[in-house]
Amino acid sequence: MWRNKCRLCDSNKLLKYRIIDSENTIYKCEKCEFVQLPAKSANELDDLANEESIKQDKFRKTTKADMEINNNVKFPKVMRNLAHVIQEDTKRVSKVIEELVVPNIDKDIKFIDIGSGYGHIGFSIGNNNSNIDVHLLETSQERIEMGISTFKPEMNKFTFHHKLLDSSFGEEYYEYFDITLSFHVLEHVYDMVEFIKNIHNITKNGGYIVLEVPNEDDDLQNLSNNYEKIVRFTAHVSYFTKNTLLLLLEKAGIPINNNVNFMK
């Protein structure tokens, strides 16, 4: 039986918000407005996230223009439908890291990509910046191996961690990284507060945490059925707005002040 309380504020006032299918309903907390998909356990979600995310990659629907890009890239079959997404995400996120964050750090940089997937973002940053020591943490061994096979990185330039971001990792790498990236991972996480605490723990005092998640306030979800299906599926258990992200940071005990910036 799932826990009938909000995972963010612990309120028991959950209202039905969206129906994904006959077995899965998304709820919205009446008190803090956090949107969430209940689940029986975190372990159940870890397995489901890996399975559903790879399935989403394989069966992703694309436009004709996107398919032209995909067909010209030699990717494994499971990755072929998102070649254009990998290219654009790598370019965009790398630009944010390299142009907005890296110039503010005047030394050799330790960087980690939490939930690195196929590793494309980390590989790009490591290949283009000799002063950045790149670590990649990913729970799916299948994705790690597929990324290495596809992008063929120089293995001695990267450190791979096949594990969860848990308290033991947080202790081992306490205040170790200058930049911590979490790209479209938080929406898969059941224990969000613990996850954010561990991200904060592994980031140096004065370092940078870069998070990207789907925007629950995005009008596209109401205008496009296809976009809504991409965003709302069973491996996504947490749905964020600017306000609920700020509340999450507060719950994790992270001082906000003027140190949080939002980009669309």
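Colleague: Hi! How do H8 and H11 pack, in terms of angle and distance between their axes?
Modeller: In this predicted model, helix H8 (residues 192-202) and helix H11 (residues 242-251) pack at an angle of about 70°, and their axes are 9 Å apart.

Colleague: Thanks! Roughly parallel or roughly perpendicular, then?
Modeller: Angles of 65 to 115 degrees count as roughly perpendicular, so that is how H8 and H11 lie relative to each other.

Colleague: Which residues meet there?
Modeller: From H8 come Met 192, Val 193, Ile 196 and Lys 197, and they meet Leu 248, Leu 249 and Lys 251 of H11. Sorted by class, that contact has five nonpolar residues, two charged ones and no polar ones.

Colleague: Nice. What unit does H8 make with S7 and S8?
Modeller: Together, S7, H8 and S8 make a β-α-β unit, and it is right-handed.

Colleague: And in which sense do S7 and S8 pair, parallel or antiparallel?
Modeller: Parallel: strand S7 (residues 177-183) and strand S8 (residues 203-212) pair over six bridges.

Colleague: Switching topic: is H5 buried or exposed for the most part?
Modeller: Seven of the nine residues of helix H5 (residues 120-128) are buried, so the helix is largely enclosed by the rest of the structure. The buried residues are His 120, Ile 121, Gly 122, Phe 123, Ser 124, Ile 125 and Gly 126.

Colleague: Okay, now the open sheet of four strands. What's the strand order?
Modeller: The order is S1-S2-S3-S9, and the pairing is antiparallel.

Colleague: Which strands stand at the edges?
Modeller: Those are S1 (14-21) and S9 (238-239). Each has a single partner strand, so one side of each is left without a neighbour in the sheet.

Colleague: And how many bridges join S2 and S3?
Modeller: Two bridges, in the antiparallel sense, between S2 (residues 24-29) and S3 (residues 35-36). Lys 28 stands opposite Val 35 in S3.

Colleague: Last one: how many helices and strands does the chain have?
Modeller: Eleven helices and nine strands. The chain has 264 residues, and 47% of them are buried. As for contacts between residues at least 6 apart in sequence, 64% join residues at least 24 apart.

Key:
Residues numbered from 1 in each chain as written. Predicted model: local features only at pLDDT ≥ 70, side-chain atom pairs only at ≥ 80, totals over all residues. Heavy atoms only, no water. Pairing = 2+ DSSP bridges. Right-handed = clockwise from strand over helix to strand, strands pointing away. Axes fitted to C-alpha atoms, helices over the stretch in contact; angles between N-to-C directions. Parallel < 35°, antiparallel > 145°, perpendicular 65-115°, else oblique. Contact = heavy atoms within 4.5 Å. Nonpolar A, V, L, I, M, F, W, Y, C, P; charged D, E, K, R; others polar. Buried < 20%, exposed > 50% of the residue type's maximum accessible area, 1.4 Å probe, protein only.
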